[in-house]
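Please keep the sequence and the structure in view while reading.

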Amino acid sequence: MLTHIAIVCVICALLYVYGTGTYGYWSKRGVKHDAPIPFCGNARRTFMREISMCDLFTEVYWKNPGQRFVGFYLGRNPSLILRDPELIKSVIAADASSFYSRGFMPYKELHEPLLKNLVFADGDLWKLLRQTMTPAFTTGKLKAMFPLIVEKAEKLHEIVDEAATGNAEVDMRDIMARYTTDSIGAIAFGINSESMNNENSQFRKLGNRILTITKWDATRHFFKFIFPETFQKMYLFCPFIEDNIMQLMRGILKQRNYIPSARNDFVDQLMELKQKGKIQVESVEHKNPDGTPKLVEMEMDEYIMAGQIFVFFTAGFETSSSASSYTLHQLAFHPEAQRKCQQEIDDVLSRYDNKLCYEAVSEMKYLEMCLKESLRLFPSVGWLKRRCERPYLIPGTSITIDPKVNIIVPVSGLHRDPLYWDEPDRFIPERFENGPRHKFVYLPFGEGPRACIGERLGRMQSLAGLAALLRRFSVAPAPRSRREPPRDPTGVILQRILGGIPLRVRRRN
């Protein structure tokens, strides 16, 4: 009996040492931080699903005025939360060669196919993907696919028209998600996902499941990040998600006989890359004896293709629908701004035979300012993450941080800081006539080498949907509408509104 008790005590002691062994990191460097608790560090409430990751980092931002940076423990991992725009500029742009990894995964080898994408991949795999994917998002490519976006945007009035009867209340979050899902289905995969006509379509079910964090999902994530080596091969996503993405990809490839179809969509471009064989880039991780970067190579296999399809689908429909629905929410509470948008839409379209097109949407500058202001108040990605890859001396200090230390940029905090914005909690689109006071206090799409590669596509997709809807309808607050909608406390990377965005819709005269 005593032997068993002794073994239990030894195991508990070893677990305690493991769970707290990194917690002297910031104390030794004299960096301000809150006291961590074993295993969870300063993120217990996030692991318990009480507060989203974004809101947690924003909370730390507001608790430490006057500090350039604050220490934090994300689980067992030392992290540094940045508050100073110049320091943020150094980390994510000027000195990005020391922070080329996002570090969402605590290990470099990715066993899960869906993680082999531009968001989750790090090091050389990221650089290979970034270089090969960039041509898919040029202005020429965007113009070529824009008619497909317009086709889906024009169909918005069909589903909104039904809801507009009797000044009815609709969930604008759901409607815009169905639009962006159909749009992504068309421009990325060349298929009609029928989400606008059928809210229970397979695409909508897949999108909802990707963004729903169940208790089992949260438990799995906790163990993966607290015991990364032990649970390295445990999948982050449930089988339903991977099975559907792989089935989607294989079905499209089979339909096209495994060769590009001249549709000029995202899948075609992936197949063209696959036909090229091995792709080479200069390594960001390894150097030759003379100090020059080594050459690394990759082949576009079906798992890497599946990873790009997964992230294109998820980021494409979710961030755009979040941005456009929240813009409509703000316009509902600011009718004068809404009237200015509608007047601009009417004026611009009158010069283009009342037809939406790339050039027309590009001229809607006030509508774009409204979208930018909405992204300031509610950025879809409310925080950025980088991982230190080599010893780094923090500019203006004698503090050196080590490889594997996380860097956190609390975007939501920066976006509402009165140091950088006049009346930061008010919706004032006109503030973007001149832009922010500092480039690195407005980061809805990130910045530097790891900025969002699909920024222009997402922005134009959102603007097309807003223009198509506002040319025919006006929106107003519904009885359930709240000026500051509640945020989903289970959010990890993306922010989400809890309970949708209820608005009243009426037809314009």
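Predicted model: local features only at pLDDT ≥ 70, side-chain atom pairs only at ≥ 80, totals over all residues.

E297 is partly exposed, with a relative accessible area of 42%, whereas K278, at 52%, is exposed.

Another salt bridge joins the side chains of R256 and D268, with a distance of 3.0 Å from N to O. R256 lies in the loop between α12 (239-255) and α13 (266-275), while D268 lies in helix α13, so the pair ties together parts that are 12 residues apart in sequence. R256 counts as buried at 7% relative accessibility, and D268 also counts as buried, at 1%.

The side chains of R29 and D402 meet in a salt bridge of 2.9 Å, taken from N to O. Because R29 lies in the loop between α2 (25-28) and α3 (44-47) and D402 in the loop between β8 (400-401) and β9 (406-409), the pair ties together parts that are 373 residues apart in sequence. R29 is partly exposed, with a relative accessible area of 25%, and D402 counts as partly exposed at 28% relative accessibility.

## The whole structure

How many salt bridges does a search of the whole structure find? The search finds 33 salt bridges. Salt bridges also link D122, R387, E389 and R450 in a network.

Conventions. Residues numbered from 1 in each chain as written. Heavy atoms only, no water. Salt bridge = Lys/Arg side-chain N within 4 Å of Asp/Glu carboxyl O. Helix = DSSP H or I, 4+ residues; strand = E, 2+ residues; numbered from the N terminus. Buried < 20%, exposed > 50% of the residue type's maximum accessible area, 1.4 Å probe, protein only.
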